[in-house]
Structure formats: structure tokens, C-alpha cells
Amino acid sequence: MHSWPHPTVPRLDVETPEAPTRLRVYDSATGALVETGPDHGTARMYVCGITPYDATHLGHANTYLSFDLVNRVWRDLGLEVNYVQNITDVDDPLLERAERDGVDWRDLARSQTDLFRDDMTNLRVLPPAHYVGATETIDLVVNLIEPLVAAGKVYQLDDEQYPDWYFDVSSDDTFMAVSGLDEQAALARFVEFGGDPERPGKRNPMDCLVWMQARPGEPSWESSLGTGRPGWHIECTAIALQHLGESFDVQGGGADLVFPHHEICATQAHAATGAPFARTYLHSGLVGLHGEKMSKSKGNLELVSRLVGEQGADPMAVRLAMLTHHWRENWEWTPDQLDAATERLARWREAAGLAQTLDVAALVSEVRTHLRTDLDAPAAIAAIDAWAGASLNIEGDDDGAGQFVDLVDALLGVQL
Ligand code: 5CA
Ligand code: ZN
């Protein structure tokens, strides 16, 4: 699939020897701050994409913004970034919504993916190099499953009507290494995310579906496993391995995906390759509205497109409002956050418009340090506030303004 336009990213020509030389972030699997990305060359990142059955809400946008910070910090460190994102463009919720609304599931997926691209473009989120739909990867998935069948790690259910294929989680000793959940908590989440622990014939309750035989009226593809469609987790495993290879740097998504999705993606990949799937697992905080996690299924949404479209908000203010929350924080959206961000943006623009401003090198160093230390955007914003406030009062060096604009654009993605 095509992704969306690449905004320009200014290169910051400022030496900051005091700033850390690597990005360190909180990794869910080890529960510690760890260095992520190579010291030179290409960093590799996979972030789980949308299921396009409804409009992008601020929760989704916030997740992609978190990983946009990773992308920008790596680039500022001089790395190339191979960024891959999927689209779950065939899945139960999408098919159910299409059926409910009497539209073709492909048209629904296409229209919602288009809206998502517009939101990402407006928010100046750097696009993935590979933006891959599940419907484009059927062969890839089958090719990944076949050797797992031969190795006895994927088995076919003895079910007359629907002999589906399952991955045996006991066949890989890394199962549970990402989430570290105890069995009871894991089972509850497995069920919450559509798992079927009690289906007769399964070897283990948390074995997951990798290939589902065609159900009446549902889309399906012919394959050596029968005519059907892939399960959700194996799609991300297959796409990531195809475009990034083994042991890539970051597997990312919202905190709702730690278990079962990222756990199972990782264990399936390890079972297939014998190598770790990703080196670090990053999970951004969940955004709520009216006391609950924002979700398409509950309908408690605020949309980027509504704020920018109907309400006429500056997309840079929407971006800045989200960045005032630390990437791992769970938070609630309230309209006053947009007002505060709009005011802040105006102050920054005023400071950028001054011919005489303070030297910016110390600020670059501070912002780099904050972002390279667990992507601390709120601390970076506070440092920029202080600098902008001071430059509105003091006369300084002529070059500062342009460098200030480039800094805020390159590292925070906010265009002044
Ligand atoms: N297609 C799958 C991933 S393969 C999926 O989870 N799609 S989604 O549309 O439900 O979510 C897309 C991304 O947004 C995921 O990374 C998910 O973790 C994240 N996300 C969903 N809801 C929220 C929320 N309320 N706050 C923050 N992030 C969220
Ligand atoms: Zn995924």
C-alpha cells in the first residue's frame, strides 16, 4: 500500500557532546530502560497499524506520535530508519462493521485507511517505508506457517466443520517473555482479545489461530492450508520478518497490545527462526475519554479529523497537546488541553519570529538529552517554554531563530 507524504526533517547542525549518544527507552520485556537502535547504520522498527473499520481517534494518533519520536531521535543521531507498519485490512471487527453498514469490507477498509493517512499527514508523522496490508501478505503468511506445520509447532484442529490451524504455544520456550503475565491474567486478556481457550481439540488454552478455514460469506484465499484467511497475530509476525528480518530493534504499539498480540507475534517468530523477534518492546500509554479507554467499539472517541476539520484546530496544536503527555502515560483527553497547546504554539511562534534571539545550542543539547532519555517530550517542551520565554525578553544572537524553528520541527515534529 502507499503510505503518506514524507514531511521534510531539518538536519540539526549543532554539536552537543553532553547529550547521550544513544536512545534509551523503557522496554516492556525487561522492565528497564535500555539502549535501542544500532550505534550506526539502519535502525529497524515495526509498529502495529490500524484495523481500518472506523475513524482514527486520538488514542491511535498518540501511539503513532510516540513512535514518531523514536524515529526522529534516531534520525537526529544519524541513523537511517527502516520503519514498517501494517494495516489489519481483513479481520472480524472490520467484516462485522461492513456487514452492519451494508458496505463492502474492502471499501470500508480503503476509506478508513485514507482518513488515517490524512490524519498522519496533518500531524506531520513520518511515514513508514513499508506500509503493508494483511490482504497483501497472504502468501507470506502461508509460507511462514508451512515449516511450522512440518516442525509440529502448528497443528490442525480435528473439527469436521472448521479444521482451523493453531500455533502451539508450548512449542516455544519464549512464550510469556514479553509480557511476563501470570497465567490467570494472561487467560483473561486472551479472552478479551477474541481468544478461544475452551475450543475442543486445542493442545493448550492459549494456542492461537494462525489460519482460519473460510466461513460462509467471508473473504477467503486458497492455500495449502485450505481455503481461508490468516489469524491476526501471524500477519504481524510475517510482515515484520519479511521487511525487517530477525531481531529488529523495536516492536511497538499501544499498551493494549502487550498481551496477547505482541507476546504471540514474538513467540511465533522465535519458533520459526530460533532468533529473538525484536530486541525491545515499546508500549505507549492509552488515551481515554470520559473515564474509559478511547475505543472504536465503545464509541467514546475524539477524532483528529474532527478537531482539525469541524473545529478548525491547528494540527500542530493537536500534536503539541498530545506531546505534553509522557509517551508511557495513560491520560484522558479534555478540550482545554487543545486551548493550552494553541497558546503555547503561539508563544513559540512569537519567539521564532524575533530577529534577535538567544543562542540555541544549549537548548538543542537539553532537548536531545530529554528525548534520548525515555522520550521525555514533556521535559523537552518545558525547556523550550523556558527558552521561548527568555528570548521574548532578552536580545541575543541573530542565528537563533532559524535554528530554533529547525529544532522544534526536527525533534518534536512541530512546524512553527
Ligand atoms: N490492527 C491492530 C494491530 S496489528 C490494532 O490494534 N488496531 S487498532 O486500530 O485497534 O489500534 C491501532 C493502534 O492504536 C495500536 O497500536 C493500538 O495499540 C493503539 N491504540 C488503540 N486504542 C488506543 C488508545 N485508546 N490509546 C492509545 N493507543 C491506542
Ligand atoms: Zn500487530
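This is a predicted model: local features need pLDDT of at least 70, side-chain atom pairs count only at pLDDT 80 or more; totals for chains, interfaces and linings use all residues.
Residues are numbered from 1 along each chain as its sequence is written, chains are lettered from A and ligands numbered from 1 in the order in which they are written, and side-chain values use heavy atoms, with hydrogens and water left out.

**The sheet**

Five strands form an open sheet with parallel pairing, in the order β5-β4-β3-β10-β11. Helices (H or I, at least four residues) and strands (E, at least two) are DSSP runs numbered from the N terminus, and two strands pair if DSSP finds at least two bridges between them. Strands β5 (130–133) and β11 (278–284) stand at the edges with a single partner strand each, so one side of each lacks a neighbour in the sheet. From one strand to the next the twist averages 20°; axes are lines fitted to C-alpha atoms, for helices over the stretch in contact, and angles run from 0 to 180 degrees between N-to-C directions.

Six bridges join β3 (residues 42–47) to β4 (residues 80–87) in the parallel sense. Within this pair, Met 45 stands opposite Tyr 83 in β4. Helix α1 (residues 58–76) lies across β3, β4, β10 (248–254) and β11, and runs at about 175° to β3.

The loop between α6 and β10 holds Ser 247. Leaving aside neighbours within four places in sequence, Ser 247 is in contact (heavy atoms within 4.5 Å) with Arg 44, Ala 275, Pro 276, Phe 277, Ala 278 and Arg 279.

**The zinc site**

Cys 48 (SG), Cys 236 (SG) and His 261 (NE2) coordinate the zinc ion (ligand 2) at 2.1 to 2.3 Å. Donors are N, O and S atoms within 2.8 Å of the metal (3.2 Å for Na, K and Ca), and sites may look incomplete since water is not among the atoms. Four donor atoms around the zinc ion (ligand 2) subtend angles of 101 to 120°, which makes the arrangement tetrahedral; four donors count as tetrahedral if all angles lie between 85 and 135 degrees. For four tetrahedral donors the ideal angle is 109.5 degrees.

The spacing of the donor residues in sequence is C-x187-C-x24-H. Cys 236 in helix α6 (residues 232–244) and His 261 in helix α7 (residues 258–273) are 25 residues apart and link distant parts of the chain.

**Backbone geometry**

Most residues other than glycine have a negative phi, and most peptide bonds are trans. Phe 259 and Pro 260 are joined by a cis peptide bond, with omega about 0°, and Pro 260 is placed in helix α7.

Phi is positive, near 55°, in His 290, which is placed in the loop between β12 (287–289) and β13 (292–293). Asp 374 also has a positive phi near 55°; this residue is in the loop between α11 (361–372) and α12 (377–391).

**Accessibility**

Buried means under 20% relative accessible area, exposed over 50%, and partly exposed in between (1.4 Å probe, protein chains only).

| Residue | Relative accessible area | Class |
|---|---|---|
| Cys 48 | 6% | buried |
| Cys 236 | 1% | buried |
| Ser 247 | 14% | buried |
| His 261 | 1% | buried |
| His 290 | 68% | exposed |
| Asp 374 | 6% | buried |

Definitions and conventions: Four donors count as tetrahedral if all angles lie between 85 and 135 degrees; four count as square planar and six as octahedral if opposite donors are over 155 degrees apart and all others between 65 and 115; anything else is irregular.
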